[in-house]
There are 2 protein chains.
Amino acid sequence: MSQGDTDSSTPGAAAYRELLGELRQAALLRSSVALLGWDQETYMPRRGGALRAEQLAQLESLAHRQATQPKLAELFEAAESDAELTADPMVAANLREGRRRYERAVRLPEELVREFTETTSLASEAWRDARAQSDFSAFQPWLTKVVELTRRKAECHGASAPGEMYDALLDDYEPGADTASIDRVFGELRDWLVPFAAEIAASPGAPSDAPQRLRVPIERQKELNALVAERIGYDFASGRVDISAHPFCTFIGPGDTRITTRYTEERFADALSSTMHETGHALYDQGLPKDTRFGEPVADVASHAMHESQSRLWENQVGRSQQFWRWAMPEARRVLGDAVEGVTPEAMFGAVNRVEPSLIRVDSDEVTYHLHIMLRYDLERAMLAGDLAPADLPGAWNERMKRDLGLEVPDDARGCLQDVHWSHGYIGYFPTYTLGTLYSAQFWAAARRDLPDLEEGFARGEFAPLLEWLRERIHRQGSRFTPPELVERVTGAPLTPRPLMEYFEERLRPLYGI
Amino acid sequence: MSQGDTDSSTPGAAAYRELLGELRQAALLRSSVALLGWDQETYMPRRGGALRAEQLAQLESLAHRQATQPKLAELFEAAESDAELTADPMVAANLREGRRRYERAVRLPEELVREFTETTSLASEAWRDARAQSDFSAFQPWLTKVVELTRRKAECHGASAPGEMYDALLDDYEPGADTASIDRVFGELRDWLVPFAAEIAASPGAPSDAPQRLRVPIERQKELNALVAERIGYDFASGRVDISAHPFCTFIGPGDTRITTRYTEERFADALSSTMHETGHALYDQGLPKDTRFGEPVADVASHAMHESQSRLWENQVGRSQQFWRWAMPEARRVLGDAVEGVTPEAMFGAVNRVEPSLIRVDSDEVTYHLHIMLRYDLERAMLAGDLAPADLPGAWNERMKRDLGLEVPDDARGCLQDVHWSHGYIGYFPTYTLGTLYSAQFWAAARRDLPDLEEGFARGEFAPLLEWLRERIHRQGSRFTPPELVERVTGAPLTPRPLMEYFEERLRPLYGI
């Protein structure tokens, strides 16, 4: 049921209608924030950063004020107490999710929201320069400030001891998640991952990475990436692809979901992989329920991890499959020309599935990727709890990289300065990458059961059956269900790391001959 | 004196400080509006238009509410009645200009501002499609709506009869202007222009336009345009150049002034001319007073016509001069390569100064340009007064083009649909193009008196003396003076069309041998 269909003859229904109107205004303000943020990462001139921080702080404050008006509490109550109204499951979901967000938002004073936004906008500019010069000392004061402001947020959400801080924040990224369950899932995955990675490292049968050393002009790569994005379902009339230092996807609102990629002349498959990842995010946003209006709580995605499951699925399960490359390699030869002459689909399949520890998370392979995440999860948790001073981050990072991945970190640009997240104040975000990957593998297993010809279709360039499967079960559900409910509805089981392990086994054992 | 220096020990000074703080918040909201508008014209996906209209309407409403708070009336009064405070000329100017804007703003109900913004955002999308298909009927309902909303605005500003509508709006574009004085100045200019254009048309000595028919790759043109923009003083760390259907300049705020250009492979000099025009606008914005803070009324430009004087001066007095091409042509040969081989500075000077009536205003020559403006001025005034129905616009336009420029209009895309302005609700804006051109010629005459070596410097690529002259006298004054005061201070005389006529005579008589 959409807002327009609601019977407003009862006081509860009238309150509900008014409530959705107010939430829509907050969502509109956030859509302007999203555009300003997109511009900051893509086209904003260098000296525009100070003004941008003020613009963002102002609009976030206004959005916060709009979303925490005392009047809303009355509207929620009036709607919630109307049994006829809440009998509609969509209304019930809107009220459940709306109230969850409202309760979290009212705990934060507007002044903290304003300061957090302004600080992180400036911090992300500082981070960019610090990383470019590999100068951690230039970023350290900003990190300290961000950690301190994040602690104040956690306190607002009820954390009364350092050890409670992280849990208090997790709900912003993955509703219902807690460190206990993450520790359990991560522990189970890690116990399997480390020996599996060691087995691969010891195998003499590593595929060649020669196809990843070809030099391909960037203009040609752009063409190929656009072709693949469109083929897997990205609607260019409602989006666009630009270039940024860190690839990302931004949902501005209906009709406007933008992605970015970055290119180097070498490793054209990495740019393509990145584009497929961001396209996966965008397909979720472009597939959100059409029978709701922008700003209704259910019209939004279920969670960050659920969002990540969509990007991972297209990047990995699709984009690293043999069948995908059977279709994509002839297209690549047509578009990229001589540069990739003679490269076979099998060679590309091998090259994009090499497992090899690397310094940079976003360039890492599918297997060791999760060791990067676990490292960040542990370090950000320690910083928040006060067990790790921001000044000691580089040392802790480098030690852990040595222990977990066996790598020496040559400089902070390739170490603790590599990710944008902390500068943006996203502390508690990293675990959603691994959780999302686990969701993606579980969804993938379910999709293969439902669609027996699925992967053979990829070889013919047919991706619509998978997209439609995801649209129906996930995208069009918005946040009607909580993430645990959704994964159980779609796959028939709660979240477990088993499907990811099975997927790795099935793909990598034959490739490595182990 | 800046906000920070104000002695806040008196109630008047405290009120003044609070007032500037509130005005800054309104300016910040408008800077977000500016960015959203820039994005709509450059990068927004096609289906993003409906959301964008809502975003813009929301932010304009909020900015209007912020700028019309009843509290501000009290703050103005408290500050204005503090004689010690207002003895500072900068404070006095801030209060004068701030109050002028406040008085105009409070006359408009927020609902009208919201509706006007949403309608014109959608109308500009409709105009784009209508122009592409040369289908006036698709735009006509939007034009009707825009004219009607503009009339409601005029009524809010006190127009009680149809004939008073236009005057009531002019103050938004050129403070202090009225139709009586515009009629007088335009009449004087027209009486001189028509026989002068006829004399040129009858002359056998027209310069060749061959250099304008060369084909130059757009990537090379971009490089040349950036080189020229930077050389005349554009700060790329505080701006950028993009492509849009209609070139424009947007001041987002300090550190962020963006321009756009459009290119065709032919007529590279037109793109360069357009870039110099928009750079002229941007130089004004980038040169606004540094001893004031963004949001203070005096930190803003003096008027639209004053803005246009800066763009015109760089486009015409500089960019069409012999001396400019003596410097620019060797640069062009270096950057553009074979395409312009053998083209001399003299040939370019002739080509860019050809006078020849044309259908499209923005492609027209300097002389007949003003006949385009007078046509629009008369027609928009007639529409507003109800003497011309929007449905009858194409007929009236075509008839007038025939009479004034001797041209048959082949379709509405090259007729009444060519300009973006009316779709944006800019009715009353067009006269500022001619007024700005008159200012530019008057400033030019004064600058030549002050700087005897001025034009010879252009031939050496030296533009800093002119920029510094403009910065000191105009840019850094912000809106400290009204446009009539400013022109008198800078040139020693009130606005007159004589300097423009003399400039045309001096440049075009020798070229045409008349």
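The model is predicted. Chain A and chain B bury about 2900 Å² between them, and eight salt bridges cross their interface. Over all chains, the whole structure has 114 salt bridges. There are three cavities of 30 Å³ or more.

**Interface of chain A and chain B**

- The contact draws on 36 residues from chain A and 36 residues from chain B.
- The size of an interface is often given as the accessible area lost when the parts come together.
- For chain A and chain B that area is about 2900 Å², with 54% of it on carbon and sulfur atoms.
- Between chain A and chain B, 20 residue pairs are in polar contact, counting pairs with both residues at pLDDT 80 or more.
- On the side of chain A that touches chain B, at least two residues each come from α1 (11-42), α2 (49-67), β2 (249-253) and β3 (256-261) of chain A.
- The element that gives the most to this side is α1(A), with ten residues.
- By class, the side of chain A that touches chain B has 16 nonpolar, ten polar and ten charged residues.

**Salt bridges**

- The rule finds eight salt bridges across the interface of chain A and chain B.
- Arg52(B) forms a salt bridge with Asp256(A), and the closest N and O atoms of this pair are 3.7 Å apart.
- A search of the whole structure gives 114 salt bridges over all chains.
- Within chain A, Arg30(A) forms a salt bridge with Glu60(A), where the closest N and O atoms are 4.0 Å apart.

**Cavities**

- Rolling a probe the size of a water molecule over the atoms shows where empty space is left.
- The structure holds three cavities of 30 Å³ or more, and the largest cavity contains about 50 Å³ of space.
- The largest cavity is lined by Arg320(B), Val352(B), Asn353(B), Arg354(B), Val355(B), Asp365(B), Glu366(B), Val367(B) and Leu508(B).
- Four nonpolar, one polar and four charged residues make up the lining of the largest cavity.

Note on methods
Residues are numbered from 1 along each chain as its sequence is written. Chains are lettered from A and ligands numbered from 1 in the order in which they are written. This is a predicted model: local features need pLDDT of at least 70, side-chain atom pairs count only at pLDDT 80 or more; totals for chains, interfaces and linings use all residues. Side-chain values use heavy atoms; hydrogens and water are left out. On a 1 Å grid over the protein atoms alone, a cavity is a set of points where a 1.4 Å probe fits but cannot get out, and a pocket is an open set with protein on both sides within 12 Å along at least five of seven lines; lining residues have an atom within 4 Å of a point. Grid points are joined across faces, edges and corners, and a volume is the space filled by probe spheres set on the points. Ala, Val, Leu, Ile, Met, Phe, Trp, Tyr, Cys and Pro count as nonpolar, Asp, Glu, Lys and Arg as charged, and the others, Gly among them, as polar. Contact means heavy atoms within 4.5 Å. Buried area is the accessible area (1.4 Å probe) that two parts lose on being put together, summed over both. A salt bridge is a side-chain nitrogen of Lys or Arg within 4 Å of a carboxyl oxygen of Asp or Glu. A polar contact is a pair of N or O atoms within 3.5 Å; within protein, one must be able to donate a hydrogen and the other to accept it, and residues adjacent in sequence count only if both atoms are side-chain atoms. Helices (H or I, at least four residues) and strands (E, at least two) are DSSP runs, numbered from the N terminus.
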